[in-house]
Amino acid sequence: MKITDIDYYAEYGKSWLNRLSTRIKMLAVLLVIATVVISSDIRILGGLYLALLLVVTFSSVPKLKIIKISLYPLIFLILFLVSIKNIVLQTALIFIFKALSAATSLVLLVFTTNYIKIFGTLSKIMPTFLVNVLFLTYRSLFILAKTFESLMDVLKFRGLPAIKRPILFLKTIGNLVGFFVIKSMETGENLYDAMKLRGYSDSFTYLKNK
Amino acid sequence: MSHLHIPDGIIAVWLWILGYLIIGIYFIAVYFQLKKTVEYKKIAMISVLGALMLLSMSIPIPFVLPYHLNLSALLGILTGPFYAGLTIFSVNLILALVGHGGITIVGLNTIVLTAEAIVAFFLFRLLRKSFKKIFPVAFISTFIALVISTALTVGIVYAGTQNLDYVIHKHNNICTDCANHDHDNDYHKGHEEAESFDIKRFIALVLITGTLGWTLESFISAFIINYINRVKPDLLENNWTY
Amino acid sequence: MDKIIEINCLEHIYPDKTKIEMCGVELAVYQGEKVAILGPSGSGKTTILKHITGLLSPSNGIVRVFGYDPAKNYGKIRSKIGVILQNVEEQLIGPTVFEDVMFSPLNYGYSREKSMEMAEKILSELEITYLKNKIIHYLSGGEKRKVALAGALVMSPELLILDEPFSGLDIKTEKSYVNLINGFCREKHISVIISTHNIEIISDFADTIFLISSKNNIYRKGTPKELFSQPEELRMFNLEEPVLIKLFNRLRQTGIDIEIPMSYQEAEEILLQRLKN
């Protein structure tokens, strides 16, 4: 799922989680992460994951999308679990609950919280120039998204070479991404020109938290 | 395979804190470099390239297994070693927020991918002096960068999972009823062969999945760089650093 | 009237070594004047604007803005100039509309309170206060342009530079945007220089038009009435006069002695007068 789509839910979602204060949500995420890091009790971790699933179930958020995205850590986790000799079910479940709890809490956060508030809160612990990069990166996502969507449309209309011609296939992907890179660099130049014309010299004072 | 998709709660606390500390030192260096060179244009470029990486990662390459582009090596070649880390950090943080890799692992992830970008940059520069054709130069630089960053990943996973006893085996101070603990129950079958993280098995799995990934990414990066070289070669001259 | 912009025989060499020389008529913009640069694609309209904003430096020729060379001294004149670039998306930087409009005042060192006051004022003057807390990327194309205009006008500039500001807009939005710029700039005595090939808009908007040929010469200067009453010359630039003027030109060609109107209102008055007589 695209980040731009997730942002839409964060901005226009109507669940009680969307209305909950950012501070409370981020504290909750912190608590979940702390529990995941510190605890190895299957009851605690299992209970935590169950609680998160209940939150997902009883709020009008896009449930299937959230659960699908939060399952992503399992891909690497399987690799990791297979590498543990003589692993027992309990151990596997502990790791699975850790991974899924952390992922679910974060995914819930981004699905229900406007990115400005998330980065604004992070700005309390991160240096200003880093927060500026984060904000600009996020904004740039949307500027480039249109170009990106056009590229994907091109792929759809004009077709990719078949996989059975692997070199041509990879070359086509390479050319498309290469085009995208050049377009992005040009966008970066234009973005900077606009910033300079609007008085930007060395600091993003506009992004300082109130 | 070089991107650490390790979830939270697996890697030892000391290691991911160390990861953040190292990144913190790097950010201090970047801050002073920016102040000294007054090249704030790079902030805009860094951000846009970060967005590019995020968007490109959502292009699924349906090749045997669905593969997602990383582009850290390409980033290193385009931006140089110094600023690549900034882009990579912002990308990793945003990815962690959507559940791709643990939030505690962002520091370590940034180190791994920045190392990849740095290796790719220097190798590309070095090989370009000796070889005319850009495709093989780009391919080799990316491939070796990916291998090295994967090795770093394996090292981190190994270092960070040395003491998994607190999860795997409960005979430690936390055990509340150790004296009466039944050592003959099913949980303790094979107790003499305790659960342990087998690094050799992990490396084998990484090699199997990684080799295809490295090859794909290297081919695609080489084609990308080849395209850029034909259309806008000045982007590869790299006037970003120093 | 003070001359705000002066461009004479501008020469520019592009990175691919292509050279353009824009000689011919001196391009000048006076205080309070609204100037349009018209020409076919690739004639150098955007290049001229980039020289005015100091984004490009000429290899030869004179470019002066408020008496300064903008490529060398843009910092001295920056606060007097508001710019809207061709791709509006790339100049909207803030996460919300309000924060984007505050971008310039904060960068110029105004306090947060003062910047907020300035942003509130311009949003109110442009009647887009309702957009204040909206996230930029969810605005429509027309809304984004209005926000970009607010961002360009927040510092109360003396000169507004617009590069193809109407491209991609539907007719209704285009008209409302033109009226907004026209009304605001007239009220505040802001000089405007605009590059476009939308000839329908220009007749009612610009005081002076500069025609640039595909050979990159600044070929002609004149009022809309002067230029549009010579359709043969316009055709040399792949341009056609606005539909309304075309009609009246054709009537003149048939021998009818009739004025050329520059707006529908004027046309209505002329025709009503004729019909009454």
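**Exercises on chains A and C**

With 10 C-beta neighbours inside 10 Å, Asn133(C) counts as exposed, a class given to residues with 12 or fewer other C-beta atoms within 10 Å of their own, against 20 or more for buried and partly exposed in between, with C-beta atoms placed from the backbone. The model is predicted, so that local features need pLDDT of at least 70 and side-chain atom pairs count only at pLDDT 80 or more, while totals for chains, interfaces and linings use all residues. Residues are numbered from 1 along each chain as its sequence is written, and chains are lettered from A and ligands numbered from 1 in the order in which they are written.

**Exercise 1.** Find where Asn133(C) lies and what Asn133(C) touches.

Step 1: Asn133(C) sits in the loop between helix H5 (112–125) and helix H6 (141–153) of chain C, helices being DSSP runs of H or I with at least four residues, numbered from the N terminus.

Step 2: leaving aside residues up to four places away in sequence, Asn133(C) touches Thr96(C) and Phe98(C), where contact requires C-beta atoms, placed from the backbone, within 7 Å.

Step 3: Thr96(C) is 37 residues apart from Asn133(C) along the chain, yet 5.8 Å separate their C-alpha atoms.

**Exercise 2.** Describe how domain 1 of chain A meets domain 2 of chain A.

Step 1: chain A is divided into domain 1 (3–120) and domain 2 (123–207), with bounds from an automatic or database domain assignment.

Step 2: the contact takes five residues from domain 1 of chain A and eight residues from domain 2 of chain A.

Step 3: on the domain 1 side, helix H1 (3–12) and helix H8 (115–122) of chain A each give two or more residues, and H8(A) provides the largest share, three residues.

Methods: Two residues are in contact if their C-beta atoms, placed from the backbone, lie within 7 Å.
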